[in-house]
Amino acid sequence: MDNKKRTLIQAAAALLQNAHISGFFTGRIYDGSLKTVCVPGLNCYSCPGALGACPVGSLQNAVSAWKFRFPAYVLGLLLFFGAALGRVICGFLCPFGFLQDLLYRVPSPAKLRTFRGDDKLRYVKYAVLLAMVLVLPFVFRGTPFFCKYVCPSGTLSGIWLAAADSRLRGLLGWIFTWKALVLIAILTASVVICRPFCRYLCPLGAFYALFSRVSAVRLRVAGDRCVGCGQCAGVCPMAVNPVTSCNSPECIRCGKCVGSCPHGAISFTFFSKPVSVSPLAGKTNHTKNAE
Amino acid sequence: MNARRNAATAVLLAASAALISAGAAAGQHVQVLAKAIRICLECIGIG
Amino acid sequence: MNRISKTLAALMAASLLLLSGCYPEQRNLTDSSSTGQTRSAQTQSESFSFSTEDMKGNEVTMDNFAHAKVVMFNMWEPWCGPCRSELPDLQKLYDKYQSEGLVIVGVFSDEDGVSDIVSQNGITYPMIRSCAAFDRFQSGYVPTTFFTDGQGNVLSDESVIGSNSYGEWESIILSYLNR
């Protein structure tokens, strides 16, 4: 899986989840029945192009309903996405992840792979999931806390809506200013650190991370091929060591490690069967080349 | 070990199908739609 | 292989672009047989009439409010926190200006929790179910509020989007009452 292919898939996925192009011009969101289904990535349903419902937003809405009922439908969808693909969604299908990837390509004097405290900060996203997506909306009904106070995807949508629909401009208040600052911070950080939102804040990534070891699509390191050269760890955008932490919850399954291994030791698997292998792999490669 | 993991995957996928069906039978998918096509502006930080 | 996937992706993107133009802009939550309608200039030109029911199942039409000077239709939903939080203020305004000819009418689509909310907030103004006739005033956002007179002539140039404070609503209401 070379990066060009992945970029193409990311672009297609972003477009697919936001194909209601007319909305960007009229400022009116899509209100058809496709929004019965949640998309797998983080994509605010107030985005004028959004064709599906946001899984995080829908979960908060379900949890903060006036009369609480167990949100089987939304949880079922999330469980399906997590068990089938897990954080492959982060690496390939999330529009906001794609945006961060693009920003990281912007040249900058510093590119930080990791820093002191980086590994501890990764736990914050689980707190965001628990507190802002589940507990607070449940306690204070009728308020989706993550959507309201944090979500950068929603901020982007709000900016576009306000730009296209003048009635909204008078409504922007301090909360929107706060969210805009959060967005700017994330976008700026994305130039220097790869995927800061995915690393530290995204509740959806935190949820999918729980499935890393059991998703149908996973990674595998062939012990007999790995020589411990560390090339894979060197290219990982999430600062994961694919050998020592194979299928880490921090891994977004971008496949860069797969492509970097000189011996084809790392592969994607589907129900444990290898499905792709490094193009660098030499003649010693016996693994089936199924894609 | 892999067999156990794959079994877990299968169980989770089956559970997800059951949850989706149960939720849809209870009309929860209509709720998802309703809240996704009329936006509560304050809920997304505007207004 | 690469060229094929690139071409496929480009074709998919192009067809999605074309498809997106076909999606209907409007959708009525309550009436499944309705087709899309644009909500452009219709808001003002035609006088407004409707036929629906209140929470007890009694029929309600514009005639029920023929005696009013200003009718304020507040379209809200029970799952929308800000919609709920402005209800007590609306009730206070209704109490204050009812004698001057104001009627506030709550309009909802999702009934889940409405009766609880209504009784908890002591709402006495009419509460009716939305129907297709209200679509032209929908903004895509909730709550949305518009004003007519007792005969259904639309008074508001544009629907008011979002919730407001007591003071904000009061000045809006007075601007219509004092016309």
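Helix 3 of chain A is largely enclosed by the rest of the structure, because nine of its nine residues are buried, a residue being called buried if 20 or more other C-beta atoms lie within 10 Å of its own, exposed if 12 or fewer, and partly exposed in between, with C-beta atoms placed from the backbone. The model is a predicted one, in which local features need pLDDT of at least 70 and side-chain atom pairs count only at pLDDT 80 or more, whereas totals for chains, interfaces and linings use all residues. Residues are numbered from 1 along each chain as its sequence is written, while chains are lettered from A and ligands numbered from 1 in the order in which they are written. Helices (H or I, at least four residues) and strands (E, at least two) are DSSP runs, numbered from the N terminus.

The buried residues of helix 3 of chain A are A:Pro55, A:Val56, A:Gly57, A:Ser58, A:Leu59, A:Gln60, A:Asn61, A:Ala62 and A:Val63. Their cover includes helix 4 (72–84), helix 8, helix 9 (145–149) and helix 13 (203–209) of chain A, and also helix 2 (28–37) of chain B; contact here requires that the C-beta atoms of two residues, placed from the backbone, lie within 7 Å.

With helix 8 (residues 124–139) of chain A, the axis of helix 3 (residues 55–63) of chain A comes within 8 Å and crosses at roughly 30 degrees, where axes are lines fitted to C-alpha atoms, for helices over the stretch in contact, and angles run from 0 to 180 degrees between N-to-C directions. Helix 3 and helix 8 of chain A are therefore roughly parallel to each other, given that angles under 35 degrees count as roughly parallel, over 145 as roughly antiparallel, 65 to 115 as roughly perpendicular and the rest as oblique. In this pair, A:Val56, A:Leu59, A:Gln60 and A:Val63 of helix 3 of chain A meet A:Val133, A:Leu134, A:Pro137 and A:Phe138 of helix 8 of chain A. The contact of helix 3 with helix 8 of chain A is made up of seven nonpolar residues, one polar and no charged, with Ala, Val, Leu, Ile, Met, Phe, Trp, Tyr, Cys and Pro counted as nonpolar, Asp, Glu, Lys and Arg as charged, and the others, Gly among them, as polar.

Helix 6 (residues 95–104) of chain A is likewise described as largely enclosed by the rest of the structure, since seven of its ten residues are buried. These are A:Pro95, A:Phe96, A:Gly97, A:Phe98, A:Leu99, A:Gln100 and A:Asp101, and the elements against which the buried residues of helix 6 of chain A pack are helix 1 (3–17), helix 5 (88–93), helix 10 (152–164), helix 11 (174–192) and helix 12 (196–200) of chain A.

Two loop residues of chain A have positive phi values without being glycine. A:Arg253, with phi near 55 degrees, is placed in the loop between helix 14 (231–235) and helix 15 (256–260) of chain A, and is buried, with 26 other C-beta atoms within 10 Å. For A:Ser272 phi is about 75 degrees; this residue lies in the loop between strand 2 (266–270) and strand 3 (273–277) of chain A and counts as partly exposed, with 14 C-beta neighbours inside 10 Å.The contact between chain A and chain B takes 43 residues from chain A and 29 residues from chain B. On the side of chain B that touches chain A, helix 1 (2–25) and helix 2 of chain B are the elements that give two or more residues, and helix 1 of chain B gives the most, with 14 residues. The residues on this side of chain B divide into 18 nonpolar, nine polar and two charged.

Chain C contains six helices and eight strands, and 34% of its 179 residues count as buried. Among its contacts between residues at least 6 apart in sequence, 68% join residues at least 24 apart. Five strands of chain C form an open sheet of mixed pairing in the order 5-4-3-7-8, two strands being paired if DSSP finds at least two bridges between them. Strand 5 (127–129) and strand 8 (160–161) of chain C stand at the edges with a single partner strand each, so one side of each is left without a neighbour in the sheet. Strand 3 (residues 70–75) and strand 7 of chain C run antiparallel and are joined by five bridges, and C:Met72 has C:Phe147 of strand 7 as its bridge partner.

Helix 4 (residues 87–97) of chain C packs on the sheet, where it touches strand 3 and strand 4 (102–108) of chain C, and its direction makes about 150 degrees with that of strand 4 of chain C. Helix 6 (residues 166–177) of chain C lies across strand 3, strand 4, strand 7 and strand 8 of chain C, running at about 145 degrees to strand 3 of chain C. The peptide bond from C:Val142 to C:Pro143 is cis, with omega near 0 degrees, and C:Pro143 lies in the loop between strand 6 (141–142) and strand 7 (144–148) of chain C.
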